[in-house]
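Q: I have a sequence and a model on my screen. How do I read the features one by one?

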Amino acid sequence: MALDIRTKIIITGTITAMALVYREPPVLALLCLISILLLFLFRTPVILYRRTLIYLFFMYIALIALQSVFVRSGTVLFGVGGIALLTTDGLMYGMSVTLRFVVFITAGMILIGCKRTELITALVKLRMPYEIVMMIQIGMRFVPLLTAELQDTLRAIQLRGVDLRKVYKKKVIKVYLGIFLPTVYMIWRKAEKMALLLELRGFRKYPDRTYYRKLTMGRQDYAALAGLALFSGAFIYAAAVFL
Amino acid sequence: MLFYELSDVGFTYPGRKEQAIRNVSLQIGQGEKIALTGLNGSGKSTLAKLMMGILRAQQGAVNLEGKPVGSYTLPQIGSRVGYISQNPNIMFFNTSVLEEISFGLRWRGKSRAETGEIAKRYLRNFGLWEERERMPFNLSEGQKQLVAILSMLVLEPAYLILDEPTKSLDTLRKKQLLKTLEEVAQRGKGIIMISHDREFVQRFAGRKIRMKNGEVVADGT
């Protein structure tokens with residue numbers, strides 16, 4: 001379904017806000033299901049999704065264990081020598097936090113298929129201050145830059161014949177600590193250069209700027225937003241009645 | 001035994017339709033002095049990266065000392081072949097010029113005194129001794145280029161692949177570099193130089209390989 005990016009941002013924001021408000025596993029599971037359905041509806045590429053879910057499963061196990069061991073509440077389901085290793089509260093807490101993460105990630109992924117320029121324009125149209133939007137845009141550019149910088153550094157080390165996998169752990173830490181400072185310095189310098197280039201091109205010299213890309217909301221967007229409003233209302237009402 | 005053997009090598013960058021390297025076959029013996037020339041985008045740097053194992057050929061074979069490049073790890077290739085990128089900034093990861101030059105030597109088990117001695121000799125030869133405590137990123141482009149080259153030269157690998165080594169160098173430094181490379185070659189080390197600097201290539205190289213649109217169009221002396 002081709003919706004305007006603003007509609008997608010509002011849908012993502014609403015689902016995320018609901019996941020923040022409610023912590024009951026059935027509610028979060030429902031939100032999770034809705035987000036997954038939306039992913040398919042918007043035909044979002046979900047390449048990284050499976051791997052993320054595997055990590056979240058391990059996080060779930062760890063959370064259950066931590067909650068069961070350190071918080072003495074709920075019925076003990078499994079324990080060794082008087083120490084509770086699995087409790088009903090631990091299970092529920094772990095499930096709640098994990099489902100919340102799944103909702104955040106799934107809802108966030110709705111925006112992954114969108115073009116970055118569209119996202120920026122949409123945020124401006126949604127009345128977000130341009131300076132903040134610009135910071136978000138630069139931030140989005142900086143993540144791959146940071147990754148590339150670290151990859152270059154590690155490759156440069158290897159090209160000098162140093163195999164970090166075969167070196168003592170103590171020495172490896174020393175190498176990593178050694179490269180940390182220059183890498184951070186390099187990134188800081190890039191940020192400084194970027195700021196200078198922005199100034200040189202007249203950033204914020206005039207109060208407004210023009211946008212090449214025009215965003216238009218169609219009938220389907222208004223229908224989707226009306227559907228979202230109805231769903232949210234029904235959801236909040238049902239939660240108030242049944243929880 | 002040949003040092004490098006490339007047979008029918010082809011490579012296409014992800015997301016591109018045109019091949020960056022097309023059916024390149026080359027035989028490179030021990031200790032050769034080779035210049036790899038061609039216009040921008042002709043595939044010279046890509047070929048160098050394929051030879052270093054930084055990129056993997058999708059077609060044909062790149063062999064280093066009789067074995068496929070893919071069978072070596074990057075550090076194993078790095079200890080045989082010194083590669084100097086055309087962008088020296090991506091080669092630095094130390095906080096001073098002296099540390100940058102000494103890094104590889106120290107990891108090869110040389111003593112502190114020996115490392116210091118070698119680094120000092122190279123830095124003095126190229127007029128960089130006064131800059132030894134400066135951060136490599138803060139040097140001029142020409143000085144960065146030299147530090148990147150020296151950081152590899154001190155390791156004395158069997159082969160050197162230099163991507164545009166004279167790009168930012170002044171005439172004096174070019175002369176010094178030429179002299180040093182001649183000395184390196186006299187010690188039986190091989191050098192492959194990617195360059196647009198016709199004069200430098202004429203004075204240095206024994207064998208000249210010319211590339212065009214990803215193909216080798218000329219190979220001779």
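This is a predicted model: local features need pLDDT of at least 70, side-chain atom pairs count only at pLDDT 80 or more; totals for chains, interfaces and linings use all residues.

Q: How do strands hold together in a sheet, and which strands form the open sheet of six in chain B?
A: Strands of a sheet pair through backbone hydrogen bonds, either parallel or antiparallel. Here the open sheet runs in the order E6-E7-E8-E3-E9-E10 of chain B, and its pairing is mixed.

Q: Which are the edge strands?
A: Look for strands that pair on one side only. In this sheet they are E6 (81–84) and E10 (215–220) of chain B. From one strand to the next, the twist averages 15°.

Q: In what sense do E6(B) and E7(B) pair, and over how many bridges?
A: They pair in the parallel sense, over four bridges.

Q: How does E1 (residues 4–11) of chain B pair with E2 (residues 21–28) of chain B: parallel or antiparallel?
A: E1(B) and E2(B) run antiparallel, joined by five bridges. B:Tyr4 has B:Ile28 as its partner in E2(B). E1(B) also pairs with E4 (residues 59–64) of chain B, in the antiparallel sense and over five bridges. There, B:Glu5 has B:Asn63 as its partner.

Q: Which residues is B:Ile149 in contact with, leaving aside neighbours within four places in sequence?
A: B:Ile149 is in contact with B:Ile84, B:Leu162, B:Pro165 and B:Leu177.

Q: Why is helix H1 (residues 44–52) of chain B largely enclosed by the rest of the structure?
A: Count its buried residues. Eight of the nine in H1(B) are buried, so the helix is largely enclosed. Among the buried ones are B:Lys44, B:Ser45 and B:Met51. After H1(B) comes B:Gly53, with a positive phi near 80°.

Q: How do I read the contact between the chains, and how many residues take part?
A: Count each side, then ask which elements contribute. Here 18 residues of chain A are in contact with 18 of chain B. On the chain A side, H6 and H7 (169–200) are the elements that give two or more residues. By class, that side has nine nonpolar, four polar and five charged residues.

Q: Where is A:Arg127 found, and is it buried or exposed?
A: A:Arg127 is found in the loop between H5 (116–125) and H6 (130–159) of chain A. Its phi is positive, near 70°, in a residue other than glycine. A:Arg127 counts as exposed because it has 6 C-beta neighbours inside 10 Å.

Q: Where is B:Glu156 found?
A: B:Glu156 is in the loop between H5 (141–153) and E7 (159–163) of chain B. Its phi is also positive, near 50°. With 15 other C-beta atoms within 10 Å, B:Glu156 is partly exposed.

Notes
Residues are numbered from 1 along each chain as its sequence is written. Chains are lettered from A and ligands numbered from 1 in the order in which they are written. A residue is buried if 20 or more other C-beta atoms lie within 10 Å of its own, exposed if 12 or fewer, and partly exposed in between; C-beta atoms are placed from the backbone. Two residues are in contact if their C-beta atoms, placed from the backbone, lie within 7 Å. Ala, Val, Leu, Ile, Met, Phe, Trp, Tyr, Cys and Pro count as nonpolar, Asp, Glu, Lys and Arg as charged, and the others, Gly among them, as polar. Two strands pair if DSSP finds at least two bridges between them. Axes are lines fitted to C-alpha atoms, for helices over the stretch in contact, and angles run from 0 to 180 degrees between N-to-C directions.
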